[in-house]
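Hi,

Here is the structure I promised to pass on.

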Amino acid sequence: MTGTPLLELKNVNKIFGAVHVLHDVNFAVHPGQVTALVGDNGAGKSTLVKTVAGIYAADSGEQWFDGQQVNITSPKEASELGIEVVYQDLALCDNLDIVENMFLGRELKKGPLLDESTMEERARETLASLSVRTVKSVRQGVASLSGGQRQTVAIAKAVLWNSKVVLLDEPTAALGVAQTRQVLDLVRRLADQGLGVVLISHNMNDVFEVADRITALYLGRVAADVATKDVTHGQVVELITAGRSGNLGLAPAAAL
Amino acid sequence: MSTDTTPTPGLAGSDFASDSHSAAGLREAGRDYLNRLRGGDMGALPATLGLLALVIGFAIASDTFLTELNIANLITQAGAICVLAMGLVFVLLLGDIDLSAGFAGATSATVAALLIRDQGQPWPVAVLAGIATGAVIGFALGMLVAKLGIPSFVVTLAFFLGLQGALLRMIGQGGSVRVDNEFIRGISIDNMPVGAGWAFAGGVVAAFAILSLLRHRRQVRQNLQHLPLSVVWFKIIGLAVPVLGLAAVLNTNRSRNPNFPIEGIPWVLPLVGFLLIFWTYVLTRTAFGRHLYAVGGNREAARRAGINVDRIRVSAFMICSSMAAISGIIAASNAGKVSASSGGSNTLLYAVGAAVIGGTSLFGGKGKARDAVIGGLVIATIANGLGLLDQPSYINFVVTGSVLLLAAAVDAVSRRRRSAAGVG
């Protein structure tokens, strides 16, 4: 591990009625690293993300951000800290252009009117800083973009606000080969710029390609938190499906 | 931190260097426009062409259609439709509908008329009370739609019936309330002095030209996306010709009696013009307008972006009903009375038709205040022209119905083409 994590959850529990969804979960995001969050359906990935994003409040446990203990209770607090989530079903409006989408809900104003010039400049700078080369114009309607470009805009939107931690929920799920390449490059670049990136994915190829660390969830518990270079595809798949793999993972009793 | 700490590739190094250039010239801009049309993004073009075709057709068929008197008539007839349609654009933008707008307008106008007749209130109080009545109706509609989640079709259908009852209760069976306040009547029957009319028309064109050119210069200076200068001039001329032309026609004496000259722009025209400019600014230049489009385009995305969706929906219904109130007062001004049947019959369908014909989508997320005015002119031209041709009124219903259907068909087809071509 390198230094203090940017974001750290300690012993977080989340219970919905009779269902114990998150079980003493410890999760850390380090600056400049891509942390992959993997797990089968129902393992608690989405709940974990929503807890970090402030949509759900944790029932117990501690949240630390940048060395300070915090208590995130609303999406607004999360984004004020610098935590942005890019959801799987892209939250973009087809009838607006790229600039309008990137500033949606947080428009810059000059008096009562919108400050279009500054918004356009900043959108362009942000996309350029991410070396996005595939979008023809920032005034292009979002409907005319390909899936990969749309994902790029959604990610750029998250980066625009000087965020420190970006959580990406299956960013490549609906993309073709070339577009997946584009988005993975972008994910890597975000981490290289010093952000803490969380990549939620089912695709082992993607995970092994860009992630520095892998956190595997199994039935609401963290089965393993390992460096990508120390494990193989097969081991990670076993962690996801059985909760353990050789000497890695949950103790047999807990895994049952 | 994300964008500042790392050396960013220069703008020139990215593809964005090229996007700040505009289309190089008129020809290229024209080609872009053609591509947009092919992609199904037709905007106000079908309505504008339709209006031209109607004007030419009626001018050939009737000697009186193109007389100054009839053109002035047509403008006053179109006023109430345009204003009601402009209000409906806000609700249509969200993908909702307001079927009660016609009666909301008549109810509000009745409140205003009764305040003047029975309470002796001055007209500003009465007009404001009328608009406030509209706002209250809109608030109720919006709350029921947004908070309770009843489909707007059902809520406004219920209000369509309920308000009709309120109207009957206030006016009495078969009766009517005379509107003879000079100011309110004057909206339709009085004209601007000729000099003021020219100043108004010239002022609108000059203001538009100056603002467009200044905006273009700022965009060029700051290296933002901009239109070629020739296209900016093209738009200015496109506005100047009809505005100044109309001013010239309306400022000519149109009286049949040489002893009583009638000349000048009817006051309803600057009123509609003011509302058009005001709402265009709200829709295109304010965060509220942006949020309206966002909610209409993708409600979930808007919610996640932190937009208060319920507030936007309630405001849209309030704007619609308040505009309906203004429209009802204009209609009362034109007729000189409000009756129990005001706002009924084809009032609402004319207005919905006007908005849709102008290019507002019934599917939400697409539309402009301008659409309502162009579409309103189309509808008013049909009604006016068929009237001149002495056609039985059933023809009028059939033709207007067909035009509405045609406009909705164009909307549906162009939407399909847009999603196929991937244009917003």
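First, the ground rules. This is a predicted model, so local features need pLDDT of at least 70 and side-chain atom pairs count only at pLDDT 80 or more, while totals for chains, interfaces and linings use all residues. Residues are numbered from 1 along each chain as its sequence is written, chains are lettered from A and ligands numbered from 1 in the order in which they are written, and side-chain values use heavy atoms, with hydrogens and water left out.

**Salt bridges**

Over all chains, the structure holds 20 salt bridges (a side-chain nitrogen of Lys or Arg within 4 Å of a carboxyl oxygen of Asp or Glu). One of them joins the side chains of A:Glu84 and A:Arg106, at 3.3 Å from N to O. A:Glu84 sits in strand β6 (residues 83-86) of chain A and A:Arg106 in the loop between α3 (98-102) and β7 (109-110) of chain A, so this pair ties together parts that are 22 residues apart in sequence. (Helices, H or I with at least four residues, and strands, E with at least two, are DSSP runs numbered from the N terminus.) A:Glu84 is buried at 9% relative accessible area, whereas A:Arg106 is partly exposed at 28%. For those words, buried means under 20% relative accessible area, exposed over 50% and partly exposed in between, with a 1.4 Å probe and protein chains only.

In chain B, the side chains of B:Arg313 and B:Asp96 also meet in a salt bridge, again 3.3 Å from N to O. B:Arg313 belongs to helix α14 (residues 309-335) of chain B and B:Asp96 to the loop between α4 (68-93) and α5 (101-119) of chain B, so the two tie together parts 217 residues apart in sequence. Both B:Arg313 and B:Asp96 are buried.

There is also a network of salt bridges that links A:Asp97, A:Glu100, A:Glu116, A:Glu120, A:Arg124, A:Arg139 and B:Arg290.

**A buried aspartate**

A:Asp206 is in helix α7 of chain A and is buried, with a relative accessible area of 6%. Leaving aside neighbours within four places in sequence, A:Asp206 is in contact (heavy atoms within 4.5 Å) with A:Thr172, A:Thr180, A:Leu184 and A:Ser201. With A:Thr172 there is a side-chain polar contact of 2.6 Å. That term covers a pair of N or O atoms within 3.5 Å; within protein, one must be able to donate a hydrogen and the other to accept it, and residues adjacent in sequence count only if both atoms are side-chain atoms.

Not counting residues up to four places away in sequence, B:Trp279 touches B:Met86, B:Phe90, B:Ile319, B:Met323 and B:Ala369.

B:Leu211 is found in helix α9 (residues 194-221) of chain B and counts as partly exposed at 49% relative accessibility.

Cheers
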